[in-house]
Amino acid sequence: MDALAWQEVIGAIGLFALVITVLALVIREVAKTLRAKAAIARDNDYRELAKRSTAAEEAVEAKLTGIDTRMAGLEERLAAIEHILKDVE
């Protein structure tokens, strides 16, 4: 092989290395972008889950407040019944 052939081989190898490097960088950046999008989607899912959880807790709290009110009414009526029974004895 003459000197020109070696220069072509070295140039081809250099060009090949450059193409591989550029492709590797592009693939890495695309992967970073996809991971970032997945993280954002996951965060949005967690945010939605937290909103639903908060709404469920508020509904349970409202129900417990209603139950507490009814229990207070039952305690008053039970006390009245006990008072009546003591008067009857």
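Helices (H or I, at least four residues) and strands (E, at least two) are DSSP runs, numbered from the N terminus. This is a predicted model, in which local features need pLDDT of at least 70 and side-chain atom pairs count only at pLDDT 80 or more, while totals for chains, interfaces and linings use all residues. Residues are numbered from 1 along each chain as its sequence is written, and side-chain values use heavy atoms, with hydrogens and water left out.

**The whole chain**

Begin with the protein chain in cartoon view, where the secondary structure comes to one helix and zero strands. The radius of gyration, taken over C-alpha atoms, is 38 Å, well over the 12 Å that the globule rule (2.2 Å times the number of residues to the power 0.38) gives for 89 residues, so the chain is more spread out than a compact globule. Along the principal axes, the C-alpha atoms fill a box of roughly 125 × 15 × 5 Å.

Switch to a surface view: the accessible surface (Shrake-Rupley method, 1.4 Å probe; for residues, only the protein chains shown count as cover) comes to about 8200 Å², and 67% of this belongs to carbon and sulfur atoms. Buried residues make up 1% of the 89 residues, where buried means under 20% relative accessible area, exposed over 50%, and partly exposed in between (1.4 Å probe, protein chains only).

**The nonpolar patch**

Next select Leu15, Leu18, Val19, Val22, Leu23, Val26, Ile27, Val30 and Leu34, which form a nonpolar patch on the surface with about 830 Å² of accessible area together. Patches are made of residues with over 30% relative accessible area and no salt bridge, like charges being joined within 9 Å and nonpolar side chains (Val, Leu, Ile, Met, Phe, Trp, Tyr) within 5 Å. Centre on Leu34, which lies in helix 1 (residues 3-88) and, at 52% relative accessibility, counts as exposed.

**The salt bridges**

A salt bridge is a side-chain nitrogen of Lys or Arg within 4 Å of a carboxyl oxygen of Asp or Glu, and a search of the whole structure finds two. In one, Glu29 pairs with Arg28, the closest N and O atoms being 3.7 Å apart; Glu29 is partly exposed at 38% relative accessible area, and Arg28 is partly exposed at 45%. Glu29 also meets Lys32 in a salt bridge (3.7 Å, N to O). Because Glu29 and Lys32 are three residues apart in helix 1, about one helical turn separates them. Through shared partners, the salt bridges join Arg28, Glu29 and Lys32 into one network.

**Further along the helix**

Finally, select Ala50, which is found in helix 1 and is partly exposed, with a relative accessible area of 43%.
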